[in-house]
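User: I have a new model open and have not looked at it before. Can you walk me through it?

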Amino acid sequence: MLNRRQQYGKQGETIATHFLKRQGYTIIQRNYRAKTGEIDIIAKDGDVFVFVEVKSRLTDSYGSPKASITRNKQKKITRTAMYYMKEAQQSGAAARFDVVVLGGAGDYIELIQNAFDAVL
């Protein structure tokens with residue numbers, strides 16, 4: 001059973017998925033898990049693989065959602081994306097990292113394309 005914070009996060013990922021579809025993305029997988037970490041959404045935008053981190057916050061009292069994507073978090077996402085690309089036999093394909101920021105009860109949504117470069 002999910003606690004309240006986990007339920008809010010899952011709801012945020014669902015909202016982000018619908019939003020990305022409306023933006024023309026093709027959703028490949030949600031909550032991809034590997035030994036290196038987890039990626040919220042894997043999608044394609046045309047021929048480009050997009051690894052999406054979803055950040056949901058009810059308030060900014062703990063800081064902005066954008067600020068919570070630390071260099072350490074970027075490293076984990078990068079390693080997991082590389083693992084996925086190898087597993088999917090897509091090592092040479094184009095890829096990028098996007099972030100979807102949700103605020104309040106989903107009343108604010110922002111897509112940050114190319115939010116960060118791969119960090120090794």
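User: Which side chain does Glu13 meet in a salt bridge?
Analyst: The side chain of Glu13 meets that of Arg30, at 4.0 Å from N to O. A salt bridge here is a side-chain nitrogen of Lys or Arg within 4 Å of a carboxyl oxygen of Asp or Glu. This is a predicted model, where local features need pLDDT of at least 70 and side-chain atom pairs count only at pLDDT 80 or more, while totals for chains, interfaces and linings use all residues. Residues are numbered from 1 along each chain as its sequence is written, and side-chain values use heavy atoms, with hydrogens and water left out.

User: Where do Glu13 and Arg30 lie?
Analyst: Glu13 is in helix H1 (residues 4–22) and Arg30 in strand E1 (residues 26–34), so the pair ties together parts 17 residues apart in sequence. Helices (H or I, at least four residues) and strands (E, at least two) are DSSP runs, numbered from the N terminus.

User: Is Glu13 buried or exposed?
Analyst: Glu13 counts as buried, at 10% relative accessibility. Arg30 counts as partly exposed, at 27%. Buried means under 20% relative accessible area, exposed over 50%, and partly exposed in between (1.4 Å probe, protein chains only).

User: How many salt bridges are there by this rule?
Analyst: The count comes to 5. One of them joins Asp45 and Arg96, at 2.8 Å from N to O. Asp45 lies in strand E2 and Arg96 in strand E4, so this pair ties together parts 51 residues apart in sequence. Asp45, Arg96 and Asp98 are linked in a network of salt bridges.

User: And which residue does Lys73 pair with?
Analyst: Lys73 forms a salt bridge with Glu53, with the closest N and O atoms 3.6 Å apart. The pair links distant parts of the chain, since Lys73 is in helix H2 and Glu53 in strand E3, 20 residues apart. Glu53 counts as buried at 5% relative accessibility, and Lys73 is partly exposed at 25%.

User: Switching topic: which residues touch the most other members of the largest nonpolar core?
Analyst: Ile39, Ile42, Phe51, Tyr84 and Phe97 do, in a core of 14 residues. A nonpolar core is a set of buried Ala, Val, Leu, Ile, Met, Phe, Trp, Tyr and Cys residues joined through side-chain atoms within 4.5 Å.

User: Which elements give two or more residues to this core?
Analyst: They are strand E2 (37–45), strand E3 (48–57), helix H2 (71–87) and strand E4 (95–103). H2 gives the most, with 4 residues. Apart from this core lies another, of 11 residues, among them Ala16, Val54, Val100 and Leu102.
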